[in-house]
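Reader: Please put the structure up. I would like to go through its charges, helices and backbone in turn.

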Amino acid sequence: MAYRRVVQYGRIVTRAITCSSPPGNIGSSKINIKTFTSASMPGLDFQCLEYEVKDKIANIKLNRPERMNAITAGMTLELQQAVEMANMDDSVKLIVLSGKGGNFCSGYDLKEFAEGDRNHPCNQEMPWDPYLDYRFMSRATECYMSLWKSLKPVICKIDGVAIGGGSDMALCCDITVMAEDAVIGYPPSRIWGCPTTAMWVYRVGMEKAKRILFTGELIRGSEAAKMGLIGEAVPAEKLESAVDKLTSSMVTVPSNQLFFQKQVINQAIEQMGLFQTQRLATIFDGMARHTPEGVLFQKRCQEVGFKKAVRERDSGAETVWSSLTKSKL
């Protein structure tokens with residue numbers, strides 16, 4: 001008897017081919033499904049995160065604690081790869097995303113993206129090419145959206161900070177649990193950014209989203225839970241146990257049931273125009289980094305370092321870019 005191996009629905013399928021089976025008649029083939037598990041899959045040598053499967057849960061931990069888990073181009077790609085591994089692993093029911101070292105994620109690493117010369121797709125010499133910027137940033141957004149599109153539920157555990165691109169990442173997850181004293185927000189909305197995943201309006205509605213993005217304010221976990229931005233806020237010392245309690249009630253549910261519920265809810269948001277909004281937000285994000293004011297902010301990062309420039313940005317005081325007038329251009 002002859003056999004052939006094909007990939008069907010993300011699984012390796014061995015088909016028994018008999019003389020009585022007409023070519024291409026899949027219905028009459030005997031199907032033996034070989035499932036993937038973490039033990040049978042080749043491991044990846046992650047540089048920016050850790051990946052571990054334990055008790056039916058894939059734990060993905062951002063692993064740049066010395067930089068408060070700040071985002072690099074490599075981290076976004078590794079995140080997508082880790083989510084794909086978890087989706088392909090039939091021993092995994094859920095994904096838990098967290099950060100090491102007391103913080104979830106401090107956003108894009110501005111030492112890499114803002115302090116250097118303008119020779120990066122997201123930080124170009126003028127005149128800039130929007131195509132190059134969009135190509136880079138849309139790829140990063142797709143990596144974050146791998147959490148949204150994951151076939152398996154993703155729980156985000158936030159301590160410390162989840163700001164800038166870190167909030168993009170967190171808000172793509174299905175359920176978010178925060179420490180009450182942790183903070184989440186998008187300060188780059190004040191200068192040099194627009195949240196490319198555009199999840200704020202879908203999470204909290206029009207007016208609250210506008211206030212958050214017009215001011216760039218940071219929101220504590222307790223307040224984020226009250227406004228419905230996240231699912232739950234608990235004292236920092238109870239964060240681990242709160243996530244464990246949640247996951248323990250979900251791992252006993254069949255994977256297909258979890259998948260059905262997630263797809264129904266996600267499509268309701270997608271029908272409201274999520275993907276179109278993200279496309280516009282990604283274009284505007286590139287524009288924000290190349291406006292006259294955006295160029296001045298980047299120059300300030302070069303002059304005094306990004307930490308001082310960010311403090312000036314977030315202070316609410318007048319800055320060289322906020323006082324810029326067209327007559328000075």
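Reader: Is Arg-211 buried or exposed?
Author: The model is predicted: local features need pLDDT of at least 70, side-chain atom pairs count only at pLDDT 80 or more, and totals for chains, interfaces and linings use all residues. Residues are numbered from 1 along each chain as its sequence is written, and side-chain values use heavy atoms, with hydrogens and water left out. Buried means under 20% relative accessible area, exposed over 50%, and partly exposed in between (1.4 Å probe, protein chains only). Arg-211 has 55% relative accessibility, so the residue counts as exposed.

Reader: Which residue meets the side chain of Arg-211 in a salt bridge?
Author: A salt bridge is a side-chain nitrogen of Lys or Arg within 4 Å of a carboxyl oxygen of Asp or Glu. The N to O distance for this pair is 3.6 Å.

Reader: How many salt bridges does a search of the whole structure find?
Author: One of them joins Asp-109 and Arg-64, with the closest N and O atoms 3.1 Å apart. The search finds twelve.

Reader: How many residues apart are Asp-109 and Arg-64?
Author: Asp-109 forms a salt bridge with Arg-64. The pair links distant parts of the chain. Asp-109 lies in the loop between strand 6 (94-99) and helix 2, and Arg-64 in the loop between strand 5 (57-62) and helix 1 (73-88). Helices (H or I, at least four residues) and strands (E, at least two) are DSSP runs, numbered from the N terminus. The separation is 45 residues.

Reader: Are Asp-109 and Arg-64 buried or exposed?
Author: Their salt bridge has its closest N and O atoms 3.1 Å apart. Asp-109 and Arg-64 are buried.

Reader: Why are Glu-303 and Arg-300 about one helical turn apart?
Author: Glu-303 forms a salt bridge with Arg-300, at 3.7 Å between the closest N and O atoms. Glu-303 is exposed, with a relative accessible area of 60%, and Arg-300 is partly exposed at 22%. The separation is about one helical turn because the two are three residues apart in helix 11.

Reader: Which side chain of opposite charge is nearest to Asp-168?
Author: Asp-168 lies in helix 4 (residues 165-171). Asp-168 touches Tyr-144, Tyr-186, Pro-195, Thr-196 and Thr-197, not counting residues up to four places away in sequence; contact means heavy atoms within 4.5 Å. Asp-168 is buried yet has no salt bridge. Lys and Arg count as positive and Asp and Glu as negative, while His and the chain ends are not counted. The nearest side chain of opposite charge is 9.5 Å away, in Arg-289.

Reader: How far apart are the end C-alpha atoms of helix 10?
Author: The expected span of a helix is 1.5 Å times one less than its number of residues. Helix 10 (residues 274-288) has 15 residues, so it should span 21 Å. The end C-alpha atoms agree with that, at 20 Å.

Reader: What arc do the buried residues of helix 12 cover around the axis?
Author: In helix 12 (residues 306-315), Phe-306, Ala-309, Val-310, Glu-312 and Arg-313 are buried. They lie on the same side of helix 12 because of the arc they cover, taken from the directions from the helix axis to the C-beta atoms. On the other side, Lys-307 and Arg-311 are exposed.

Reader: Which helices do the buried residues of helix 12 pack against?
Author: Phe-306 and Val-310 are among these buried residues. They pack against helix 2 (110-113) and helix 11.

Reader: What is the phi of Asn-69?
Author: Asn-69 lies in the loop between strand 5 and helix 1. Asn-69 is buried, with a relative accessible area of 0%. Its phi is positive in a residue other than glycine, near 60 degrees.

Reader: Which residues are joined by a cis peptide bond, with omega about 0 degrees?
Author: The proline of the pair lies in the loop between strand 8 (123-124) and helix 3. The bond joins Met-126 and Pro-127.
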